[in-house]
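Colleague: Please take me through this model one question at a time. I am new to reading structures.

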Amino acid sequence: MLEVRGLVKHFGGVRAVDGIDFAIRPGEVFGLIGPNGSGKSTTVNLVCGLYAPTQGQILFQGQDIARVATHKRLSLGLARTFQNIRLFTNLTVWENLWMAENAPAHRAEAGFLKRWVGGRGNARERISQALEFSGLAHRADDLAGSLAFGEQRRLELARALAARPRLLLLDEPAAGMNAEEIAQLDERIRMLQQQGYTILLIEHHMELVMAVTDRICVLNFGRKIAEGTPAQVQADPAVRDAYLGTGA
Amino acid sequence: MDFYYSLAQIIGFHALLGLSAYVVLLTGQVSLAQAGFFAIGAYVAAMFTVLAGWHLVPAMLAAGLAAAAMACIVGFPALRVRGLMLVIATLAFGEAVRLFFFNFDYQVAKGEVKVGPLGGEGFRQIRWFPEHGWTGLDVMLFVWTVVALVAGALWWLDRSRFGAVLRAVGEDELAAQSVGLNLTAVKVTAMTIGGFIAGLGGAIYAHYTTHIEHSNFGVLLATFAIAYPILGGLRNVLGTIVAVIFVQGFLVEGLRFLGDWRNLLFGALIVLAMNLRPNGLIDAATARRLARLFGREARRA
Amino acid sequence: MGFVDYVQAIIDGLLFGTTYSLIGIGFTLVFGVMHKINMSYAAASLAGAYCGLIGPQMLGLPPWSVFPLSIVAAGVIGYVIYLTCFRFIPLASPLATLMSTVGMLLLVDEIVVHATAGMPQNYPAIYDGDPIELGPFILRADLVGVFLICVVAMAVLLALLYRTRLGMATRAVAQQPVAAQLCGMRLQAVNGLTFVVAGLLGGVAGAMIGASVGMLSPLIAGTITVKGLIVTVIGGLGSIPGAIVAGLLVGAAENLFQAVRNVTERDIYVMLLLFAFLVLRPGGLFAAARGRD
């Protein structure tokens, strides 16, 4: 599904990402973890196109997308959420979902004019489904900025899903959530996997990562130090060193 | 009565100017180039009616299209920068347009006299309205028909997905890209629409005043253009129109008895208004209060 | 027009360009600490130069008193602008200070027009010695004086910024406002002082513009505002060395355009120069390699 080969990103003299390889198989939940500053977020930003890589390839369904414009990656089937939620706070919940209606599937359903200047009619059904899924149906007409924190996270996920992606990038979706909300998130990720989504999960919350992922890639100082199933990774001494510091 | 017709015409073309800045401002771009597009519209329309003898309506459309084409061309380089850099770039573009017309001579003999733009002297004798026997009332109705059409079109656009897209881009460019919106396309489109509207406004202005010159289209006019939507708030087109009526009808005309001191007051009022209401006269809180007052349109609008 | 004339035009332009550099530095200083543009800055600088004229015209002081008076007056105006357009307006509303300073620009302009009844005012030259001849080229003595005074003003500013505690505080606030406050620096005081310093520089620039043109008229405020902003952008927002170089560049370029074409067309080409920079080097002359953010 997604394959990253020899990915390098320098900022000035800093090697934020220094030659990473990994491959995500269709239908799996793939975890990307590592201590702070290990290059996780930079990797996500490279994959979704906010940065251009210094070197390396990003293959999505066999096509190298390293130089494809950010907004076009969405129509290829790559959607994301942000670590520090980025909703359109002065648009309503409904309109936030409406924005993501730009994927090829939508284009096939409604012509150019209908999509851009048409009314809400033809999007209504799809958006109500997305609202149901995220439990926000009762707040459809409220401004996104007025939602509670947990609701904003759910809306951001719903907005990514509304684009009907094949691969979903979740950048620290559990940040700032309480235990109950994390349990719900866990459930939601499993549900998405059952529905056939492939997921790249970047997360600090180890319990969640270990519970929902199929495979994990561990980064430290911009390099990959381990890859494998949760059990394998947990047993890896290099990973323990990275997290606990290189004590003796 | 003629005084009021004339005032209504002034409010009309200033409303078009304000609406042109409104569209661009929705995408988060502060453009001081609107006066430049307004100037292009004024000169192009006047040249078509005076020199080529066209009817006003096709001349206005041509003026709008010329200004829109220019806005589209300017849009691309200007989009490489944002925020303050964009303000400066568009300010410079507006000045470049003004200076172009300061140097622009294109005179044609028409009977006894020569007509057409003449550099610093300006462009005189744009007399399409009187030549065709339009009264002040006719002109006023015509101007406000155009304003109503443009405002109606923008109102409808605001409610379509495209309107929400403009606002989304204005709010968070990064998130907008991530949901698949092409920033360049959206911003250039907004700029082009804004250019078209400013061109229409300029065309009307030229025929209202019958004499245009480069100094009419300076920084002051560009400031007026963005001041209207900022004062009126970006919630909908009505805010901008209310702001135009307030500024042109009340501040400029209503305070005429102050004579020269009125101009002093104008700058001071802007400074004061920004100290007291930094988010516009009608900010979100006021809008909510108004909405409660009128009891409807509480959420949408 | 031969080659010699073009070089002569460039020399004159470089000498006069130092005044653009000063205006550019003023815009850039304020941008550096507050991340806002003070649109009224150039108009206020010229207003300071106008105030200087009060000395000889109304108080009977000798002509040279214009210069110190202009500088002090511009510093005071700078502080007044800080109080009215920045101090009490939340920096989080992006458009508010832009609009308030544009309002101030209109206000300052109108006050000047009112006070002078719109008539141009004669301004004393800084020095009227004989021109200096350098081979085929001529250096106008008054322009050399303007050049030297502007260079001294820049040197004083740089010494102030890099050699004193006040300068260190300014730079700290520019880089990390919150951390600087935690270290006990009074943000408001530093911001206000920056406006005063920028105002003093503007006063020098305004006086030197008056001195080299021979008069001040309300018409030049708009032009100087736009050129000052262009210098700031070409130099890179926030970069003092950039503003210095860009000021010289704009001064030289505009005089060359004027020699090749004519004075009314000159400024069109200056605007096009700005557009070229925006397209090719949007970060300014000394920008680091461009990141995407």
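**Strands, helices and chain contacts**

Modeller: In chain A, strand β9 (residues 215–220) runs antiparallel to β10(A), and five bridges join them. Strands (E, at least two residues) and helices (H or I, at least four residues) are DSSP runs numbered from the N terminus, and two strands pair if DSSP finds at least two bridges between them. This is a predicted model, in which local features need pLDDT of at least 70 and side-chain atom pairs count only at pLDDT 80 or more, while totals for chains, interfaces and linings use all residues. Residues are numbered from 1 along each chain as its sequence is written, with chains lettered from A and ligands numbered from 1 in the order in which they are written.

Colleague: What is the strand order of the open sheet of six strands in chain A?

Modeller: The pairing in this sheet is mixed. β6 (78–81) and β10 (223–228) of chain A each have a single partner strand, so one side of each lacks a neighbour in the sheet. The order is β6-β7-β8-β3-β9-β10.

Colleague: What angle does the direction of α7 of chain A make with that of β6(A)?

Modeller: Helix α7 (residues 149–162) of chain A packs on the sheet and touches β6 and β7 of chain A. Contact here means C-beta atoms, placed from the backbone, within 7 Å. Axes are lines fitted to C-alpha atoms, for helices over the stretch in contact, and angles run from 0 to 180 degrees between N-to-C directions. The angle is about 175°.

Colleague: Which strands are at the edges of the open sheet of four strands in chain A?

Modeller: That sheet has the order β2-β1-β4-β5 with antiparallel pairing. Strand β4 (residues 55–60) and β5(A) are paired over two bridges, and A:Phe60 stands opposite A:Gln63. The strands that pair on one side only are β2 (14–24) and β5 (63–64).

Colleague: Why is chain A described as being as compact as a globular protein of its length?

Modeller: The radius of gyration is taken over C-alpha atoms, and the globule rule is 2.2 Å times the number of residues to the power 0.38. For 248 residues the rule gives 18 Å, and chain A is close to this, so it is as compact as a globular protein of that length. Its radius of gyration is 18 Å.

Colleague: How many residues of α7 of chain B are buried?

Modeller: A residue is buried if 20 or more other C-beta atoms, placed from the backbone, lie within 10 Å of its own. Helix α7 (residues 161–171) of chain B is mostly covered, and its buried residues include B:Phe162, B:Leu166 and B:Val169. The count is eleven of eleven.

Colleague: Which helix gives the most to the side of chain B that touches chain C?

Modeller: Contacts link 36 residues of chain B with 37 residues of chain C. Helices α4 (84–102), α10 (219–232) and α12 (261–276) of chain B each supply at least two residues of that side. The helix that gives the most, with 13 residues, is α4(B).

Colleague: How far apart are the end C-alpha atoms of residues 41–59 of chain C?

Modeller: UniProt, in an unreviewed entry, places a "transmembrane region" at this span, among others; such annotations may be inferred rather than shown by experiment. In the model the span is 89% helix and 0% strand. The end atoms lie 27 Å apart.

Key: Buried ≥ 20, exposed ≤ 12 C-beta atoms within 10 Å, placed from the backbone. Contact = placed C-beta atoms within 7 Å.
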